[in-house]
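The following exercises concern one protein chain, shown below.

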Amino acid sequence: MVREKGEVILSAGAIGSPQLLLLSGIGPRPYLSYWGIPVARHLRYVGQYLYDNPRNGISLVPPIPLEHSLIQVVGITDSGAYIEAASNVIPFASPARSVFTPLGPVYLTVATLMEKIIGPLSSGSLRLASTDVRANPIVRFNYFNNPVDLERCVNGTRRIGNMLRSPSMDEFRYQEWFGVREFRFVGAALPDDLSNRQEVEEFCRRTVSTIWHYHGGCVMGKVVDRAFRVMGVKGLRVVDGSTFSVSPGTNPQATLMMLGRYMGLNIIEERVKNTS
């Protein structure tokens, strides 16, 4: 129930908020008409300018045990790439029909080094898959569609290669035949020749993954105004990461909580002024 002179605050995130606006008839008129959705407000940029901070990296099994660690920022490069590290303790159990007698799970540490791009220039879009609100929309982030993002990934990947060659990483290598010490990778390894730009670019495209920092879709200045009100719609605001054109390089939760408190205090101040 909405009280008289009250308003609705939509906080469904970069995927949910633009989807709900489109289903409610707020979006590009031709697109809504195609779906047979009555147009409440023509806003051409709903679902557009959708971003995600792409990440790439490598994972390896070290010969020494490590404690479980969430993602930690190791450094920020001049090119804008974040270098991060994490470790996970993962149980490996013998298959049920193994010829070996099961002895219980074996716990192995998997260490990960990754580079992540903050503020990607490549943007995507969100489209409806159905008029059923329970159906997930179709999302495209268009990773590395902008060559600047690809350049930053190449630089960040080469920086990881430099780290692997540093003396500090020697203890993470295994002793192999003839005195050779090598890493044991889980999944993709870095290209053998990091000076070969084409190989590194292919690595970036092939191994890109999300870190769930989705943002955009209801960007400020295009869908909402500076007070986070949906343009041309009374009593409706969007207050979440869908309004961002840039998301923090680290976990955005604290930023979003600060945004919520900021808007809450602003709304209270507005109501005090209107009643005084």
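**Exercise 1. Helix H5**

Task: Determine what span the 23 residues of helix H5 should have, and compare this with how far apart the end C-alpha atoms are.

Solution. Step 1: Helix H5 covers residues 253–275; helices (H or I, at least four residues) and strands (E, at least two) are DSSP runs, numbered from the N terminus. Step 2: The expected span of a helix is 1.5 Å times one less than its number of residues. Step 3: At 1.5 Å a residue, the 23 residues of H5 should therefore span 33 Å, and the end C-alpha atoms are 33 Å apart, which agrees.

The model is predicted: local features need pLDDT of at least 70, side-chain atom pairs count only at pLDDT 80 or more, and totals for chains, interfaces and linings use all residues. Residues are numbered from 1 along each chain as its sequence is written, and side-chain values use heavy atoms, with hydrogens and water left out.

Task: Which residues in H5 are buried, and against which strands do the buried residues of H5 pack?

Solution. Step 1: Buried means under 20% relative accessible area, exposed over 50%, and partly exposed in between (1.4 Å probe, protein chains only). Step 2: Leu259, Met263 and Ile267 of H5 are buried. Step 3: The packing partners of the buried H5 residues are strand S1 (8–10) and strand S15 (236–238); contact means heavy atoms within 4.5 Å.

**Exercise 2. The disulfide**

Task: Identify which cysteines the disulfide joins, and describe the handedness of the link.

Solution. Step 1: A disulfide is a pair of cysteine sulfur atoms within 2.5 Å, and the structure holds one. Step 2: Cys153 is joined to Cys204, with an S to S distance of 2.2 Å. The pair links distant parts of the chain, 51 residues apart, with Cys153 in helix H3 and Cys204 in helix H4 (residues 197–207). Step 3: The angle about the S-S bond is -100°, and the link of Cys153 and Cys204 is left-handed. Step 4: Both Cys153 and Cys204 are buried. Cys218 has 0% relative accessibility and so counts as buried.

**Exercise 3. Two domains**

Task: How many residues of domain 1 and of domain 2 are in contact, and what area is buried between the two?

Solution. Step 1: Domain 1 comprises 8–47 + 218–274, and domain 2 comprises 53–121 + 144–211; these bounds come from an automatic or database domain assignment. Step 2: The C-alpha centres of domain 1 and domain 2 lie 37 Å apart. Step 3: Five residues of domain 1 are in contact with seven residues of domain 2. Step 4: Buried area is the accessible area (1.4 Å probe) that two parts lose on being put together, summed over both. Between domain 1 and domain 2 it is about 370 Å², with carbon and sulfur atoms giving 58%. In domain 1, Ser247, Gly249 and Thr250 lose the most area to domain 2, together 77% of what that side buries.

**Exercise 4. Salt bridges**

Task: How many salt bridges does the structure hold, and what is the count between domain 1 and domain 2?

Solution. Step 1: Side chains of opposite charge can pair when their charged atoms come close. A salt bridge is a side-chain nitrogen of Lys or Arg within 4 Å of a carboxyl oxygen of Asp or Glu. Step 2: The structure holds eleven salt bridges, and the count between domain 1 and domain 2 is zero.

Task: Characterise the salt bridge of Arg229 with Glu270 and that of Asp132 with Arg134.

Solution. Step 1: The closest N and O atoms of Arg229 and Glu270 are 3.0 Å apart. This pair links distant parts of the chain, 41 residues apart: Arg229 is in the loop between S14 and S15, and Glu270 is in helix H5. Step 2: Arg229 counts as partly exposed at 31% relative accessibility, as does Glu270 at 25%. Salt bridges that share partners join Glu7, Arg229, Arg237 and Glu270 into one network. Step 3: Asp132 and Arg134 meet through their side chains at 3.2 Å, N to O. Asp132 is partly exposed at 30% relative accessible area, whereas Arg134 is exposed at 73%.
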